[in-house]
Amino acid sequence: FLLVDDIRMNRMMLSRRLQKGIAPNCKITEAQNGEAALELCKSETFDVIICDQYMEDAGGVMLGTDTIVAMRREGIDSLIIGCSGNDIEKDFLESGADHCWQKPLPNNATIIQQIRAYMSKAEV
């Protein structure tokens, strides 16, 4: 997993949730903005990328949707999930995201179902 969010506490809470209730053996990498995420993607591969929309607190210029467009242009075929407290699902999907999670995040069962559905498609 790659978690992209400017707020450290958000990354910590999601990381804990992933490790405790969704994917206990997962490896989690964090980036505080889109630019840092793109740099990480040059040297690492991630099965799932969860990307916040607004990351101004980390000094990043890119929005989450900009980051996702850039990732897809770079050929990154990970499951990408946009995440925002605003109703911008259409923007995330148009940018190349596979899903959009509205904050507060969906329950663990929904998250697991979406990840499993993507993984089963990826294996075909």
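Arg73 lies in helix 3 of this predicted model, and because its relative accessibility is 72%, above the 50% cut-off, Arg73 counts as exposed. Between Arg73 and Gly96 there are 9.5 Å in space from C-alpha to C-alpha, although the two residues stand 23 apart in sequence.

Helix 3, which spans residues 64–73, has helix 2, residues 34–43, as a neighbour, their axes coming within 9 Å and crossing at roughly 20°. The two helices are therefore roughly parallel to each other, and the crossing of helix 2 and helix 3 is right-handed. On the side of helix 2 the contact is made by Gly34, Ala37, Leu38 and Cys41, while helix 3 contributes Thr67, Ala70 and Met71. The residues of this contact divide into five nonpolar and two polar, with no charged residue.

The strands form an open sheet, in which five strands follow the order 2-1-3-4-5 with parallel pairing.

Strand 4, which covers residues 79–84, pairs with strand 5 in the parallel sense over four bridges, and Gln102 in strand 5 is the bridge partner of Ser84. Helix 3 also packs on this sheet, where it touches strand 1 (2–4), strand 3 (48–52) and strand 4, and the direction of helix 3 makes about 150° with that of strand 3.

Technical notes:
Residues numbered from 1 in each chain as written. Predicted model: local features only at pLDDT ≥ 70, side-chain atom pairs only at ≥ 80, totals over all residues. Heavy atoms only, no water. Axes fitted to C-alpha atoms, helices over the stretch in contact; angles between N-to-C directions. Parallel < 35°, antiparallel > 145°, perpendicular 65-115°, else oblique. Left-handed = near helix turned anticlockwise from the far one by under 90°. Contact = heavy atoms within 4.5 Å. Nonpolar A, V, L, I, M, F, W, Y, C, P; charged D, E, K, R; others polar. Buried < 20%, exposed > 50% of the residue type's maximum accessible area, 1.4 Å probe, protein only. Pairing = 2+ DSSP bridges.
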